[in-house]
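Trainee: Could you take me through this model one question at a time, giving the cut-offs as we meet them?

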Amino acid sequence: MKLLLDLGNSRLKWAIDRSGAIEPGMPIAHTDTGLGDLGALISAAAGAASAWISSTASTLTPALISAVESELHCQTQVFVSPKQALGIRSAYDVPHTLGSDRFLAMVGARRQVPGAFLIADAGTAMTVDMVDEGGQHLGGLIVPGPVLMREALNRGTAGIRTSEAVHLREFARNTDDAVWSGGCHACVALIGHAYRHGALGVGGNVNLLLAGGAMPALMPLIHIPNRMMPNLVLDGLTAWARS
């Protein structure tokens, strides 16, 4: 039995790989300074022989490793993005600086989707990554997610203070809706830009794959055919652990 851990900027997603069957658990919210309640995870993973970790929250990675090793007494492995592995070739000049979650998401997608694909993953940040049909990563883009855009305006301006009681509008009639809708439209516009240029780059069809906790807010605005695949990083971790 293997424990798969995807430590993101605001949530820890996890799953158990038990005899070839993947059993996802409920994501665990965390802060910058603490991992949150790991009780359900530790209980479900009792007896795991190893833990396989992807982390974009580098300050919390040591605490996660310590908790897993002390509570489960199993070995831990932390993924560092390589130049090439598991069917994906990174476009980054310095491969290890590509987020491990992005590389593993591409690995997970490659095993499930034929042909070229674009992954749009919207959470605290939104990333998009383009991969051709041969597994070559063509590069990516990173912007704040819609919640982070709203928080940046709250912090960086004197006259904008918004609440979380918002509605998605084409043209808003109050500041709360204007800030939220503007951020969502900006994210969706970037997805459209990347999709069009990705299709030009590969000279053919592109599968649009969506993921991330903020993506449900964006989906009403996305009119390109797409497929929601929320566990791509865990799928990539599975491939890595099994390899």
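**Cysteines and the overall fold**

Trainee: How far is the sulfur of Cys184 from the closest cysteine sulfur?

Mentor: The closest cysteine sulfur belongs to Cys187, and it is too far away for a bond. A disulfide here requires a pair of cysteine sulfur atoms within 2.5 Å, whereas the sulfur of Cys184 has its closest counterpart at 6.7 Å.

Trainee: What kind of model is this, and how are its residues numbered?

Mentor: Residues are numbered from 1 along each chain as its sequence is written, and side-chain values use heavy atoms, with hydrogens and water left out. Local features need pLDDT of at least 70 and side-chain atom pairs count only at pLDDT 80 or more, while totals for chains, interfaces and linings use all residues, since this is a predicted model.

Trainee: Which radius of gyration does the protein chain have beside that of a compact globule?

Mentor: The radius of gyration is taken over C-alpha atoms, and the globule rule is 2.2 Å times the number of residues to the power 0.38. The C-alpha trace spans about 55 × 45 × 30 Å along its principal axes, and 45% of the 243 residues count as buried. A compact globule with 243 residues would come near 18 Å, which agrees with the chain's value of 19 Å.

**The open sheet and its helix**

Trainee: How many helices and strands does the protein chain have?

Mentor: Helices (H or I, at least four residues) and strands (E, at least two) are DSSP runs numbered from the N terminus. On that basis, the secondary structure of the protein chain comes to seven helices and 13 strands.

Trainee: Which strands stand at the edges of the open five-stranded sheet?

Mentor: Two strands pair if DSSP finds at least two bridges between them, and this open sheet has mixed pairing in the order β11-β10-β9-β12-β13. Strand β10 (residues 125–131), for instance, runs antiparallel to β11 and is joined to it by seven bridges, with Val131 having His137 as its bridge partner in β11. Each edge strand has a single partner, so one side of it is left without a neighbour in the sheet, and the two in question are β11 (137–144) and β13 (226–228).

Trainee: At what angle to β10 does helix α5 run?

Mentor: Contact means heavy atoms within 4.5 Å, and helix α5 (residues 175–202) lies across β9 (117–122), β10, β11 and β12 (207–211). Axes are lines fitted to C-alpha atoms, for helices over the stretch in contact, and angles run from 0 to 180 degrees between N-to-C directions. Relative to β10, helix α5 runs at about 10°.

Trainee: How far apart in space are Arg150 and Gly183?

Mentor: Arg150 lies in helix α4 (residues 146–156) and counts as buried at 8% relative accessibility. Not counting residues up to four places away in sequence, Arg150 touches several residues, including Thr162, Glu164 and Trp180. Although Arg150 and Gly183 are 33 residues apart in sequence, their C-alpha atoms are separated by 7.1 Å.

Trainee: Which residue in the hairpin of β2 and β3 takes a positive phi?

Mentor: Strand β2 (residues 11–18) and strand β3 (residues 21–24) pair in the antiparallel sense over four bridges, and Asp17 has Ile22 as its bridge partner in β3. The hairpin has two residues between the strands, and the residue with a positive phi, near 55°, is Ser19.

Trainee: How many residues of helix α7 are buried?

Mentor: Helix α7 (residues 232–242) is mostly covered, with Leu232, Leu237 and Trp240 among its buried residues. Of its 11 residues, the number buried is nine.

Methods:
Buried means under 20% relative accessible area, exposed over 50%, partly exposed in between (1.4 Å probe, protein chains only).
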